[in-house]
Amino acid sequence: KPAAKPAAKPAAPAAADARTATLNGKDAAGGPIMTREELRACLAREEKLRGRLAENDQRRAVLDQQKAQIAADQEALKAERATLQSPARVEEMNARTRAYAERVQAWNKKAEEFAASGRKDVTAERLRLQINEERDALDKDMKLLEADRAKLEAEMKAAIEAYNAKAVALDARVQDWNARNAPANE
């Protein structure tokens, strides 16, 4: 059998100029020693890169600060949305409406019983006056309830419109931040 061939040596660089220059010529690359001009250019380039890195770090710090503020605003908006979805005032208005409906049902039952009785005495007259007073009180309470409901609806509508405006503004800020963040990352 023929003897195994030794592994091929890596190809030597075509020219000494293709190697990275070093300060002392003794680095692992074994490159040539830098000239003074090359050293000046290298140091100037390093200084320029450090300046660009500092500028980039400043931009990144501003973007990170804005990102934190956007995240805080998003959390505040979520909390505001939760209050809009189940406000206590709406629940209170619903409870008042239910109580009013029960009072109306009780009055209707009383009025029907009075009409069915067909009584024409003095007690019946007092009872009729009492039923009419209750009807007037119910009418007054209905007008107050409707006014309160209209006021609450207007306030809720304004609150929802304000929330939507804040959400749109926050979305615009997020899109702006994303547009500025992409080039900074590059």
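Reader: Buried or exposed: which is asparagine 181?

Author: Asparagine 181 is buried, because its relative accessible area is 12%. Buried means under 20% relative accessible area, exposed means over 50%, and partly exposed lies in between (1.4 Å probe, protein chains only). This is a predicted model, where local features need pLDDT of at least 70, side-chain atom pairs count only at pLDDT 80 or more, and totals for chains, interfaces and linings use all residues. Residues are numbered from 1 along each chain as its sequence is written, and side-chain values use heavy atoms, with hydrogens and water left out.

Reader: What does asparagine 181 touch?

Author: A contact means heavy atoms within 4.5 Å. Leaving out residues up to four places away in sequence, asparagine 181 touches Arg60 and Leu63.

Reader: In which helix does asparagine 181 lie?

Author: Helices (H or I, at least four residues) and strands (E, at least two) are DSSP runs, numbered from the N terminus. Asparagine 181 lies in helix H3, residues 122-185. The chain has 3 helices and 0 strands. Along the sequence, the pattern reads α-α-α.

Reader: How do I read a pair of helices, and at what angle do H1 and H3 cross?

Author: Two packed helices are described by the angle between their axes and the distance between the axes. Axes are lines fitted to C-alpha atoms, for helices over the stretch in contact, and angles run from 0 to 180 degrees between N-to-C directions. Take H1, residues 36-85: its axis comes within 10 Å of that of H3, and the two cross at roughly 160°. Therefore H1 is roughly antiparallel to H3. On this scale, under 35 degrees is roughly parallel, over 145 roughly antiparallel, 65 to 115 roughly perpendicular, and the rest oblique. The contact of H1 with H3 has 13 nonpolar, 6 polar and 8 charged residues. Ala, Val, Leu, Ile, Met, Phe, Trp, Tyr, Cys and Pro count as nonpolar, Asp, Glu, Lys and Arg as charged, and the others, Gly among them, as polar.

Reader: What is the hand of the crossing of H1 and H3?

Author: A crossing is left-handed if the near helix is turned anticlockwise from the far one by less than a right angle, and right-handed if clockwise. The crossing of H1 and H3 is left-handed.

Reader: At what angle does H2 cross H3?

Author: H2 covers residues 88-117, and its axis comes within 10 Å of the H3 axis, crossing at roughly 160°. So H2 is roughly antiparallel to H3. The contact of H2 with H3 holds 15 nonpolar, 1 polar and 11 charged residues. H2 passes H3 in a left-handed crossing.

Reader: How far apart are lysine 67 and asparagine 181 in space?

Author: Their C-alpha atoms are 9.8 Å apart, though the two residues are 114 apart in sequence. Lysine 67 lies in H1. Lysine 67 counts as partly exposed because its relative accessibility is 47%.

Reader: Where is pLDDT under 50?

Author: pLDDT is the predictor's confidence in each residue, from 0 to 100. Over residues 10-17 it stays under 50, and the model has 2 contacts there beyond four places in sequence. Where pLDDT is low, the predicted coordinates should not be read in detail. The chain has a mean pLDDT of 83, and 83% of its residues reach 70 or more.
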